[in-house]
Amino acid sequence: AYFEKKKYAFSESTFKSEKSRLIKILPELNGNPEALWGYLTTKYSPYTRVTIWVRVTDFWSTVDSSNNPYAKFKAANKRQFKNAYTPKVIGVSFDEAENRIATLPELYRTKALELLYAGMRWSESLTKDINSRVIGKGGKIRRVFVPNFIKVQSQPVYISFYLALKKIGLTPHTLRKLSATRAVDRGATAKDLLQIFGWNSMRTAE
């Protein structure tokens with residue numbers, strides 16, 4: 001019943017992953033937040049624990065809106081839930097990716113730089129308007145930042161673009177990850193990342 005209400009709140013893949021994760025920990029939900037936190041600590045990374053807690057808190061409010069021990073636990077232990085995002089090690093730095101991109105023909109080079117700096121998905125980049133607004137998953141509209149020196153004159157064919165990046169050890173999604181990691185290195189918070197990259201939850205960053 002809970003996920004029936006949520007089916008339009010997420011993309012299809014996010015819906016499946018959120019449902020699977022909550023079902024997996026359902027046996028641990030007995031109204032004892034300390035026990036659940038202990039369980040999650042042995043199983044998951046810090047920011048995964050935080051994203052699970054968001055789902056648990058929301059779910060428990062549906063079960064019993066008058067008393068939510070998981071929400072109270074979070075409020076009483078704010079430090080445990082703060083800045084839990086940890087950037088993944090991708091194997092290439094932002095600067096190294098930029099150097100590799102510089103070796104590409106202009107058609108692919110400018111497109112790759114656009115994705116690298118703005119952190120857009122490929123599909124989103126095709127919807128960018130003159131005000132730098134893009135349409136993301138679920139039809140969500142957000143504004144992205146593309147430096148003035150990047151001018152995409154024409155859109156390459158995706159498969160050709162993908163293969164060009166593959167030859168230099170990159171992918172469109174790697175460029176997006178590098179953009180997110182760079183944002184974290186520059187002090188972006190979890191809230192900032194959700195807004196900048198159009199994520200529904202921090203687990204998307206994993």
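**Close-up 1. Glu18 and Arg55 join their side chains in a salt bridge.** In this predicted model, the N to O distance of the pair is 2.8 Å. Glu18 belongs to helix α2 (residues 12-25) and Arg55 to helix α4, so the bridge ties together parts that are 37 residues apart in sequence. Are these two partners buried or exposed? Glu18 is buried, with a relative accessible area of 2%, and Arg55 counts as buried too, at 10%. Look for Asp58 as well: Glu18, Arg55 and Asp58 are linked in a network of salt bridges. Here is a handy idea to keep in mind. Side chains of opposite charge can pair when their charged atoms come close.

Close-up 2. Because Glu124 lies in helix α8 and Arg142 in strand β2 (residues 141-143), the pair ties together parts that are 18 residues apart in sequence. Glu124 is buried, at 1% relative accessible area, and Arg142 counts as buried at 9%.

**Close-up 3. Helices α4 and α5 cross at roughly 135 degrees.** The axes of α4 (residues 46-63) and α5 (residues 69-76) come within 8 Å, and the crossing angle makes α4 oblique to α5. Which residues make the contact? From α4 come Trp53, Val54, Val56, Thr57 and Trp60, while α5 supplies Pro69, Tyr70, Ala71, Phe73 and Lys74. Sorted by class, the contact has 8 nonpolar, 1 polar and 1 charged residues.

**Close-up 4. Glu114 is a buried residue in helix α7 (residues 106-118).** Its relative accessibility is 3%, so Glu114 counts as buried. The side chain of Glu114 makes a polar contact with the side chain of Lys111, at 2.9 Å. Beyond its neighbours within four places in sequence, Glu114 is in contact with several residues, among them Gly119, Ser125, Val146 and Ile150.

**Close-up 5. Ser132 has a positive phi.** You can find Ser132 in the loop between α8 (122-125) and β1 (133-135). Its phi is near 60 degrees, a positive value in a residue other than glycine.

Note on methods:
Residues numbered from 1 in each chain as written. Predicted model: local features only at pLDDT ≥ 70, side-chain atom pairs only at ≥ 80, totals over all residues. Heavy atoms only, no water. Axes fitted to C-alpha atoms, helices over the stretch in contact; angles between N-to-C directions. Helix = DSSP H or I, 4+ residues; strand = E, 2+ residues; numbered from the N terminus. Parallel < 35°, antiparallel > 145°, perpendicular 65-115°, else oblique. Contact = heavy atoms within 4.5 Å. Nonpolar A, V, L, I, M, F, W, Y, C, P; charged D, E, K, R; others polar. Buried < 20%, exposed > 50% of the residue type's maximum accessible area, 1.4 Å probe, protein only. Polar contact = N/O pair within 3.5 Å; in protein donor to acceptor, adjacent residues only side chain to side chain. Salt bridge = Lys/Arg side-chain N within 4 Å of Asp/Glu carboxyl O.
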